[in-house]
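Visitor: Please take me through one part of this structure in detail. I would like the local picture first and the wider setting after it.

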Amino acid sequence: MKLRVQNDRRDSKRALKLRESPTVMQPNPSERGVHAGNGLSLNLQPELLTGTPVTTAAAAASSNADSSEVRVSMNGASGDSNGGASSRRSRVNSHTHSHAHSHSHGHSRAQLHSNSEPELDPSDPDGDSGEPCASLTELRCLFRWIQKSLPFLVILCAKLVVQHVLGLAVGVGLLTTFLYVNTNIQTQVFLQDRHSKLRCIWLLVFLISSTLLLYYTFLSETLYFSLIFLSPTIEPLGFWEILWAVGITNFIIKFLFMGIKCLILLVPSALVTYRTQGRWLMLTEELGQVHQATAPVPLWFRYLVSYQESDGVSGLTTGVLLALFYLILKLLGLYNQRTSLLKTVRIFLAGEHTGSAATRAQCSEAGDVCPICQGEYRDPRVLICQHVFCDKCIALWFTREKSCPLCRIVMTDKVYKWRDGATSPHLQIY
């Protein structure tokens with residue numbers, strides 16, 4: 001009797017320990033026979049969560065009334081009570097550990113599944129790892145930043161336009177004037193003897209009036225000093241002021257030499273042949289490019305040497321070194337340009353050796369038709385490859401090419417690209 005009371009107390013303690021478990025532990029049906037053979041039947045139901053001690057008699061009395069109870073029955077002899085108690089403790093502990101392990105494993109698996117669900121969200125743009133997705137994300141962020149900053153950028157651009165409206169208007173006017181005059185000069189040169197003298201006079205007057213109007217508008221800055229390699233009176237002398245003055249001077253120099261080209265076109269064709277006219281146009285453009293390259297030197301030299309009093313001797317030394325370095329680079333650039341200028345002067349003095357006068361027999365063998373203009377020969381010229389062309393046609397061809405139009409044999413080492421009256425659109429700003 002004492003042994004049963006002790007077993008009941010142990011079982012009640014185990015029930016109190018198991019009350020924290022949220023589920024019910026019951027033996028498997030396959031194990032019930034083993035439990036019955038040993039005289040032990042263990043059913044743990046939710047009533048254990050109440051925390052009340054359960055006795056053997058109460059468990060036996062309430063087993064018939066409700067199935068959700070704890071029944072502990074002992075049917076062994078007193079001789080093997082110690083063995084039965086130890087076997088019951090081992091089975092209860094094994095069931096408790098197995099249930100706790102299964103419950104903790106299920107809980108961890110559910111938690112892992114809940115944590116992994118956001119990573120499998122198909123709406124996430126970065127679900128597929130890789131560099132393309134990362135690049136797309138960066139581009140998307142950049143696009144969003146630009147989209148958000150667009151109103152501010154528009155406001156900033158509007159403010160800059162209002163502050164520099166006069167300078168921008170001058171720049172647009174100079175550019176449109178240059179494009180208009182340059183295109184018309186090339187057209188008049190291409191027409192050769194059929195070019196319009198009145199159009200050339202109009203272009204010359206237009207260039208002169210545009211230049212005078214510009215210098216009159218900025219008379220206080222004395223921008224015309226830059227044409228004779230002097231520094232204009234611009235105050236304050238900042239970077240943007242220097243850049244603006246250099247750009248205006250570059251366009252004005254282009255206008256001056258385009259005006260000289262208009263004067264060349266006004267010379268009667270009886271005094272100047274087409275080849276001679278082309279050589280004059282080519283030399284004019286080469287001299288204009290040299291002037292454009294040297295005109296910005298005083299402005300940039302003055303800007304680099306200038307320093308503030310707070311900079312002291314170090315500021316002056318740095319400015320002088322930068323100015324000397326700029327002069328060295330400028331001299332190297334002018335030396336490279338010297339080669340092209342000397343070759344142009346040589347061609348201007350000696351003429352082009354692109355062929356000789358063709359005889360009547362050579363013209364008859366060629367079919368008496370120029371391959372370029374598809375008309376009768378006018379002042380025919382025969383090349384070293386024995387192909388015959390009109391003098392003006394082949395001269396116009398060599399403004400863009402170096403080889404014969406038919407056999408592609410190289411005839412000259414220089415393309416006479418400025419002989420058609422074109423002016424370089426390159427803006428020399430340094």
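Which helix is Gln292 found in?

Guide: In this predicted model, Gln292 belongs to helix H9, which covers residues 274–294. The relative accessible area of Gln292 is 6%; the cut-off for buried is under 20%, so Gln292 counts as buried. Apart from neighbours within four places in sequence, the residues in contact with Gln292 are Asn250, Ile253, Lys254, His426 and Gln428.

Helix H8 (residues 239–266) also holds Phe251, whose ring pairs with that of Phe178. A pair of aromatic rings is described by the distance of the centres and the angle of the planes. For Phe178 and Phe251 the centres are 6.3 Å apart and the planes stand at 70°. Edge-to-face requires an angle over 60 degrees, so this pair is edge-to-face. Phe178 sits in helix H6 (residues 165–190), so the pair ties together parts 73 residues apart in sequence. Both Phe178 and Phe251 are buried.

Over the whole structure, a search finds eleven aromatic pairs. One aromatic cluster is formed by Phe239, Trp240, Trp300 and Tyr303.

Of its 430 residues, 34% are buried. Among contacts between residues at least 6 apart in sequence, 64% join residues at least 24 apart. The chain exposes about 26,500 Å², and carbon and sulfur atoms supply 64% of that area.

How values were computed
Residues are numbered from 1 along each chain as its sequence is written. This is a predicted model: local features need pLDDT of at least 70, side-chain atom pairs count only at pLDDT 80 or more; totals for chains, interfaces and linings use all residues. Side-chain values use heavy atoms; hydrogens and water are left out. Buried means under 20% relative accessible area, exposed over 50%, partly exposed in between (1.4 Å probe, protein chains only). Contact means heavy atoms within 4.5 Å. Accessible areas come from the Shrake-Rupley method with a 1.4 Å probe; for residues, only the protein chains shown count as cover. Helices (H or I, at least four residues) and strands (E, at least two) are DSSP runs, numbered from the N terminus. Rings of Phe, Tyr and Trp (its six-membered ring) pair if their centres lie within 6.5 Å; planes under 30 degrees apart count as stacked, over 60 as edge-to-face and the rest as tilted.
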